Amino acid sequence: MISRTSSMKLAERVREGHLRAIARLITRVESRDPEVRQAMAELYKSTGRAHVVGITGVPGAGKSTLVAELVQEYRASGRTVGIVAIDPSSPFSGGAILGDRIRMGELVSDPGVFIRSMSTRGTLGGLARPALEAVDLLDAGGFDVVLIETVGVGQDEVDIVRAAHTTVVVNAPGLGDDVQAIKAGVLEIADIHVVSKADRPDSNKTIQELKVMLAMSLEPGKDIWRVPVVPTSSEKHSGFGELMSAIDRHAVHLEHSGEITERRRQIALTRVVKVAEEIVRDNFVRDSRSQTEELLKMVTQREMDPHGAAVTLLKAMKEKIHEAH
Ligand SMILES: Nc1nc2c(ncn2[C@@H]2O[C@H](COP(=O)(O)OP(=O)(O)OP(=O)(O)O)[C@@H](O)[C@H]2O)c(=O)[nH]1
Ligand SMILES: [Mg+2]
């Protein structure tokens, strides 16, 4: 039998900042290895130091390009950066795809940078949990900043963003042509708006439109965070230092205004609800199959309403969850 390092042992190494241990525990978290739970609970005590930045935007907005540039700014300022990239299409994980796509070649060999691509394929309602536990691992591993890149299309992605201290929404030029894209929920979740590809002539229009929309939604008062609009261009390598400064200013604002307390509470809420959802779904699909089918039949035939069926299922699950967790 091949001997396997226990997750508890790996957790010790994570605390010492060993990248390989972080990578191995992320893999165990992704594969839902039950042996990892105790180690993650232990490691959670060492989290809460990193500044977590969610980076979202529609497909092709320029998120990965921005992440690569931003990482270099952080490195130049002497900070270490962990990156969790949620790739909705990728069946792989391990960082290869992100590495290829954004040509992070030189950063991969930098011990101050850790990149992990995580797939959303094959997950059932459990998308946020492994990604957020990867963030915990990077936090416990001592990374100063953790960036989460997600495509802003679905609820799960928005949930991930809700688990960040600062949310950056990346808007490509031409956004104003499709007001729906803005309405789809990205405007209000942003702490910072980026207009990417600012080398393109149509970017000015997008910058102006965003500023107008933000001015309209502005509430009066002091200690209010005024959402900045930061133009960036990877062609000109411009705007990324400004973006880093805006993120830093937002972090200071959270502390000074006391908003950080509410944000931490929100993050805790998102995390707890996500795990609870996952436990319920797992039980629904895996363990209570026969009872589930029976209940679904009753709901279909109007012998029971969905609420009654849900309560029945939860009661049945209660005992089982108690044993398993
Ligand atoms: N001209 C110009 N093109 C850019 C810039 N930033 C990104 N691009 C291009 O836009 C395309 C998409 O960039 P990505 O960084 O892969 O965008 P993304 O948001 O990560 O895309 P997904 O992960 O697929 O959602 C690529 O062809 C980039 O080269 C920029 O500042 N200027
Ligand atoms: Mg990308």
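The secondary structure of the chain comes to 14 helices and seven strands. The model is predicted, and every value below is computed from it. Of the 325 residues in the chain, 38% are buried. Among contacts between residues at least 6 apart in sequence, 74% join residues at least 24 apart.

## The sheet

The seven strands form an open sheet with parallel pairing, in the order β3-β2-β4-β1-β5-β6-β7. Strands β3 (113-119) and β7 (229-231) stand at the edges with a single partner strand each, so one side of each has no neighbour in the sheet. From one strand to the next, the twist averages 20 degrees. Strands of a sheet pair through backbone hydrogen bonds, in either a parallel or an antiparallel sense.

| Strand pair | Sense | Bridges |
|---|---|---|
| β2 and β4 | parallel | five bridges |
| β4 (145-151) and β1 | parallel | seven bridges |
| β1 and β5 (166-171) | parallel | four bridges |
| β5 and β6 (192-195) | parallel | four bridges |

T56 stands opposite T150 in β4, while V53 stands opposite T166 in β5. Further along the sheet, V169 stands opposite H193 in β6.

Strand β1 (residues 51-57) is mostly covered, with six of its seven residues buried. Strand β4 also has six of its seven residues buried, so the rest of the structure largely encloses it.

## Helices against the sheet

Helix α10 (residues 203-216) lies across β5, β6 and β7, and runs at about 170 degrees to β7. Helix α4 spans residues 63-76. On the sheet, α4 touches β1, β2 (81-87), β3, β4, β5 and β6, and its direction makes about 175 degrees with that of β2.

## The nonpolar core

The largest nonpolar core holds 64 residues, of which L25, V84 and V146 touch the most other members. Helix α7 (residues 128-140) gives the most to this core, contributing eight residues.

What does V146 touch, leaving aside residues up to four places away in sequence? Its contacts are A50, V52, G82, V84, V135, L138 and D139. V84, one of these contacts, is also among the core residues that touch the most other members.

## The surroundings of ligand 1

Ligand 1 is surrounded by 17 residues, and the closest are G62, K63, S64, T65 and S234. By class, this shell has three nonpolar, eight polar and six charged residues. Which helix provides the largest share of the shell around ligand 1? That share, three residues, comes from helix α4.

Key. Residues numbered from 1 in each chain as written. Chains lettered and ligands numbered in written order. Predicted model: local features only at pLDDT ≥ 70, side-chain atom pairs only at ≥ 80, totals over all residues. Buried ≥ 20, exposed ≤ 12 C-beta atoms within 10 Å, placed from the backbone. Helix = DSSP H or I, 4+ residues; strand = E, 2+ residues; numbered from the N terminus. Pairing = 2+ DSSP bridges. Near = placed C-beta within 6 Å. Nonpolar A, V, L, I, M, F, W, Y, C, P; charged D, E, K, R; others polar. Core = buried A, V, L, I, M, F, W, Y, C linked by C-beta atoms within 7 Å. Contact = placed C-beta atoms within 7 Å. Axes fitted to C-alpha atoms, helices over the stretch in contact; angles between N-to-C directions.
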